Amino acid sequence: MSAHRVAVVAPSPVSMFNLAIPEMLFGKVETDGRPGYEVLVCTADPGPVPTTAGLDLHVPHGLDALEDADTVIVAGTGAPFEPDPRIVAAVRAAAAGGKRIASLCTGAFQLAEAGLLHGRRATTYWEHADELRRRYPQVDLQGDVLYVQDGPYLTASGYAAGIDLCLHVIRTDYGAAVANRVARLALVAPVRPGGQTQFTQTPLPPERGTACADVRGWAMRNLDKPLTLTDLARHAGVSVRTLTRRFHAESGVSPLQWLLHQRVERAKELLETTTLPMDQVARACGLGTADSLRAHVLRRTGLTPSAYRAQFSRLGTAGREAPSSVA
């Protein structure tokens with residue numbers, strides 16, 4: 001299978017951080033020992049491209065690179081209110097050709113100018129959200145999410161949210177196991193759902209300490225067991241009250257909220273990468289019964305477990321075997 005081609009568009013002056021994200025993440029994807037993606041950076045005027053850091057980057061490829069791409073990603077720019085008409089036209093043509101279109105940070109202005117976001121949910125960097133809303137009132141702007149997908153169009157809010165969007169793309173293309181492996185290789189957080197109505201959930205805040213790291217790791221290794229708050233506190237060697245206080249200080253959520261989040265994520269991975277019956281999936285992730293699995297997956301994703309599996313099954317690219325804990 002040939003590599004999925006990704007064209008990253010660099011508007012001037014481009015964000016160097018935005019340009020680095022796709023190559024950093026997509027470049028770590030391998031399937032059957034071969035690259036899963038081919039990433040090409042392009043721009044309207046090939047040659048030196050100014051960046052927001054005051055440096056010039058040499059980009060040899062023009063916008064004709066979009067013609068052969070499967071996915072087009074428009075990077076953020078320091079001049080978001082001046083969409084380049086050549087980029088706008090090229091992105092519009094790529095969308096008409098059925099390509100997946102995404103933007104990072106202020107790149108959303110290019111997509112909005114192309115009319116791709118009219119009547120759709122989208123997001124952009126919070127500092128410029130009001131301006132995008134004023135200029136393009138037809139866009140259903142989501143101001144408090146990491147990223148949004150509406151049909152074939154994806155938009156990320158800003159900076160590190162671009163990492164979340166790219167990991168989401170990898171998960172969509174190759175499954176949760178591959179995306180999480182890439183996240184580990186890149187030393188970033190695992191896939192965090194961002195803002196899609198049909199697959200939304202509140203992402204966990206970044207962890208701010210390590211005092212509870214051991215109990216979190218222990219819980220992850222024992223998700224198939226009916227863990228209680230008392231079990232977690234006993235393993236940590238502290239009282240329930242102390243654990244709750246420390247856990248919330250580090251993770252931003254209660255221990256049981258964190259645990260439920262991890263159980264649902266494990267369930268989603270099993271639905272994607274195995275053919276286990278629903279009752280076995282429920283037991284493997286600690287949700288107990290198929291009815292409980294259905295209720296939690298439906299609430300978090302908007303899909304029943306069966307529908308989620310039908311849409312996201314990756315048995316051709318992810319592992320077919322059940323984890324040893326559920327064999």
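This report describes the nonpolar core, the backbone geometry and a charged surface patch of a predicted model.

## Nonpolar core

The largest nonpolar core holds 33 residues, and those with the most contacts inside it are Leu 25, Phe 26, Val 29, Tyr 37, Leu 165, Leu 167 and Ile 170. At least two residues of this core are supplied by each of strand E1 (4–9), helix H1 (16–26), strand E12 (153–156), helix H5 (161–174) and helix H6 (176–185), and the largest share, eight residues, comes from H5. In soluble globular proteins, nonpolar side chains tend to be buried together.

## Backbone geometry in the loops

Ser 12 and Pro 13 are joined by a cis peptide bond, with omega at about -10°, and Pro 13 lies in the loop between E1 and H1.

Asp 32, although not a glycine, has a positive phi of about 55°; this residue is placed in the loop between strand E2 (30–31) and strand E3 (34–35). Cys 105, also a residue other than glycine, has a positive phi near 55° and is found in the loop between strand E8 (100–103) and helix H3 (108–113). Asp 32 counts as exposed because its relative accessibility is 73%, above the 50% cut-off, whereas Cys 105, at 11% relative accessibility, falls under the 20% limit and therefore counts as buried.

## Negative surface patch

On the surface, Glu 38, Asp 64, Glu 67 and Asp 68 gather in a patch of negative charge. One of these residues, Asp 68, is located in the loop between strand E6 (56–59) and strand E7 (71–74), and with a relative accessible area of 53% Asp 68 is exposed.

Terms used
Residues are numbered from 1 along each chain as its sequence is written. This is a predicted model: local features need pLDDT of at least 70, side-chain atom pairs count only at pLDDT 80 or more; totals for chains, interfaces and linings use all residues. Side-chain values use heavy atoms; hydrogens and water are left out. Patches are made of residues with over 30% relative accessible area and no salt bridge: like charges are joined within 9 Å, nonpolar side chains (Val, Leu, Ile, Met, Phe, Trp, Tyr) within 5 Å. Accessible areas come from the Shrake-Rupley method with a 1.4 Å probe; for residues, only the protein chains shown count as cover. A salt bridge is a side-chain nitrogen of Lys or Arg within 4 Å of a carboxyl oxygen of Asp or Glu. Lys and Arg count as positive and Asp and Glu as negative; His and the chain ends are not counted. The place of a charge is taken as NZ of Lys, CZ of Arg, CG of Asp or CD of Glu. Helices (H or I, at least four residues) and strands (E, at least two) are DSSP runs, numbered from the N terminus. Buried means under 20% relative accessible area, exposed over 50%, partly exposed in between (1.4 Å probe, protein chains only). A nonpolar core is a set of buried Ala, Val, Leu, Ile, Met, Phe, Trp, Tyr and Cys residues joined through side-chain atoms within 4.5 Å.
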